[in-house]
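Subject: Structure handover

Hello,

Here is the structure you are taking over. My notes on it follow below.

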Amino acid sequence: MANKSAPDASRRSERSRRAIFDAALTLVGEVGYEKLTIEGIASRAGVGKQTIYRWWPSKAAVLLDAFTAGVDEDYEKGLPNTGDLAADLKFVLRATVDEFNDPAFQAPYRALAAAGAGDEELSRSFVGRLLEPGTLVYVERLRAAQEAGQVADDIDVRLATEMLLSPFSQRWLMRTGELTHEFVDTLVDQVLRGLRPRD
């Protein structure tokens, strides 16, 4: 009798994990974070809730893992460096505008931001896994521009990065205005005006 190969447990686990991620991201957009439950995620994913609790302690932890899956590969690429700092920053921030205006992206991001406001551990995880790596790619691009003589030597590139990203985040998170390509183009131009070497 031919031997039957044993089921691949790791592959089955990965399929379940992917289904759970997809379910969490879809459901938070449909019902909101407050009504999101482990039971609902499990039902949508077609798994038992004990499977979810074996891997994650809470719905926030599930959502954080689902939302940040794959971001490491994106950050490893860094920002483009064509030699034109303004063009590179505008290119990336315009794409970020499109992403942040996508309802499928907005729902989990806003949910995690709101949940993190009352959960210090979740907030630290959110910052460490998403915000800080995302900030560092801008820091590295500005540092490269500084080394190329496009940014003044005495500029703190970390602070300069926060000057660039904070107005973006404030406008989107607090809905103080429309998040548009025109806004980020103007933002880049005004920030870079203060970073350039003085004659």
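Helices here are DSSP runs of H or I with at least four residues, strands are runs of E with at least two, and both are numbered from the N terminus. The expected span of a helix is 1.5 Å times one less than its number of residues. This is a predicted model, in which local features need pLDDT of at least 70 and side-chain atom pairs count only at pLDDT 80 or more, while totals for chains, interfaces and linings use all residues. Residues are numbered from 1 along each chain as its sequence is written, and side-chain values use heavy atoms, with hydrogens and water left out.

Helix α7

Helix α7 covers residues 103–117, and its 15 residues at 1.5 Å each should span 21 Å; the end C-alpha atoms are 21 Å apart, so the two agree.

"Buried" means under 20% relative accessible area, "exposed" over 50%, and "partly exposed" in between (1.4 Å probe, protein chains only). The buried residues of α7 include Phe105, Tyr109, Leu112 and Ala115. Leu112 has a relative accessible area of 1%, which means that it counts as buried. What does Leu112 touch, leaving aside its neighbours within four places in sequence? With contact taken as heavy atoms within 4.5 Å, the partners of Leu112 are Ala60, Leu63, Leu64, Phe67, Leu122 and Phe126. Ile155 is 43 residues from Leu112 along the chain, and their C-alpha atoms are separated by 32 Å.

The two domains

The domain assignment gives domain 1 (1–63) and domain 2 (78–199); such bounds come from an automatic or database domain assignment. Taken over C-alpha atoms, the centres of domain 1 and domain 2 are 32 Å apart. In the contact between them, 6 residues of domain 1 meet 6 residues of domain 2.

The size of an interface is often given as the accessible area lost when the parts come together. Buried area is the accessible area (1.4 Å probe) that two parts lose on being put together, summed over both. For domain 1 and domain 2 the buried area is about 470 Å², with 86% of it from carbon and sulfur atoms. Of the area that domain 1 buries against domain 2, 63% is supplied by Tyr33, Ala60 and Leu63, more than by any other three residues.

Two further terms are needed here. A salt bridge is a side-chain nitrogen of Lys or Arg within 4 Å of a carboxyl oxygen of Asp or Glu. A polar contact is a pair of N or O atoms within 3.5 Å; within protein, one must be able to donate a hydrogen and the other to accept it, and residues adjacent in sequence count only if both atoms are side-chain atoms. Across the interface of domain 1 and domain 2 there are 0 salt bridges and 0 residue pairs in polar contact (both at pLDDT 80 or more). The elements giving two or more residues to the side of domain 1 that touches domain 2 are α1 (9–31) and α4 (59–68). The largest share of that side, 3 residues, comes from α1.

Salt bridges

How many salt bridges does the structure hold? It holds 10. One of them joins Glu30 and Arg44, with the closest N and O atoms 2.8 Å apart. Glu30 is in helix α1 and Arg44 in helix α2 (residues 38–45), so this pair ties together parts that are 14 residues apart in sequence. Arg44 is partly exposed, at 42% relative accessibility.

Glu120 and Arg124 form another salt bridge, again with the closest N and O atoms 2.8 Å apart. Both are in helix α8 (residues 120–147), 4 residues apart, or about one helical turn. Glu120 is exposed at 53%, and Arg124 is exposed at 58%.

In helix α9, Glu162 and Arg158 lie 4 residues apart, about one turn of the helix. Their side chains meet in a salt bridge of 3.1 Å, N to O. Glu162 is partly exposed at 35% relative accessibility, as is Arg158 at 29%. Salt bridges with shared partners join Glu132, Arg158 and Glu162 into one network.

Thr161 is also in helix α9, and it is buried, with a relative accessible area of 0%. A polar atom of the Thr161 side chain lies 2.8 Å from the backbone oxygen of Val157.

Arg175 is in the loop between α9 (157–174) and α10 (181–195). Most residues other than glycine have a negative phi. Arg175 is not a glycine, yet its phi is positive, about 55°.

Regards
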